[in-house]
Amino acid sequence: TGVQTCALPILIKDDINGVVIIKAHENENIDELTAQIPKEIPLVIGYLEEDFSDVPENGKLVAFCGIGYPKKFFNSVKRKFNFVEKIEFPDHHPFSDEDIVDLLDEARLHDARLVTTEKDFVRIPRRFHNFISVVRIKVVWKDTAKIAQHLNLQA
């Protein structure tokens, strides 16, 4: 999958009220990690889910990003869409007008639409937003009742 859970020993202290684990995807196995958490400590688990609703279903895409692990983004786009080009920038890249114009030129060359991550989208000058589709990420919680119960107990 390209993404691994870091299973470092968890140092459990008396003042811990609970543990939250956010997995890279729903089917990621975290048994080794959760086995380290004492049963009396509330555990809440969620996973990341991509939201492709902003991305046109038909047509070609030029995918670009400036994130720490670009391969994960490119792989998720590739599983669902046909992209003709992928362009990496350094993590936290401050996108300039020139960067975006170059990307738009590349997209026009391929008769494609630009697509990027939500994290990158917020660093793109606003005047270009209508020309770029965004893949958003949301956390899906496995047991919302457990979260609500824990929050009420802690209030």
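The model is a predicted one, in which local features need pLDDT of at least 70, side-chain atom pairs count only at pLDDT 80 or more, and totals for chains, interfaces and linings use all residues. Residues are numbered from 1 along each chain as its sequence is written, and side-chain values use heavy atoms, with hydrogens and water left out.

I then followed strand β3 (residues 60-65), which is joined to β4 by 5 bridges, the two running parallel; helices (H or I, at least four residues) and strands (E, at least two) are DSSP runs numbered from the N terminus, and two strands pair if DSSP finds at least two bridges between them.

Next I traced the whole open sheet, whose 6 strands have the order β1-β2-β6-β5-β3-β4 with mixed pairing. β1 (19-23) and β4 (83-88) stand at the edges with a single partner strand each, so one side of each has no neighbour in the sheet.

I turned to helix α3 (residues 97-109) and noted that its buried residues are Asp99, Ile100, Leu103, Leu104 and Ala107, where buried means under 20% relative accessible area, exposed over 50% and partly exposed in between (1.4 Å probe, protein chains only). Seen down the axis of α3, these residues fall within an arc of 130°, so they line one face of the helix; the arc is that of the directions from the helix axis to the C-beta atoms. On the face turned away from this buried side I found the exposed residues Glu98, Arg108 and Leu109.

Last, I noted that Asp111, which follows α3, has a positive phi near 55°.
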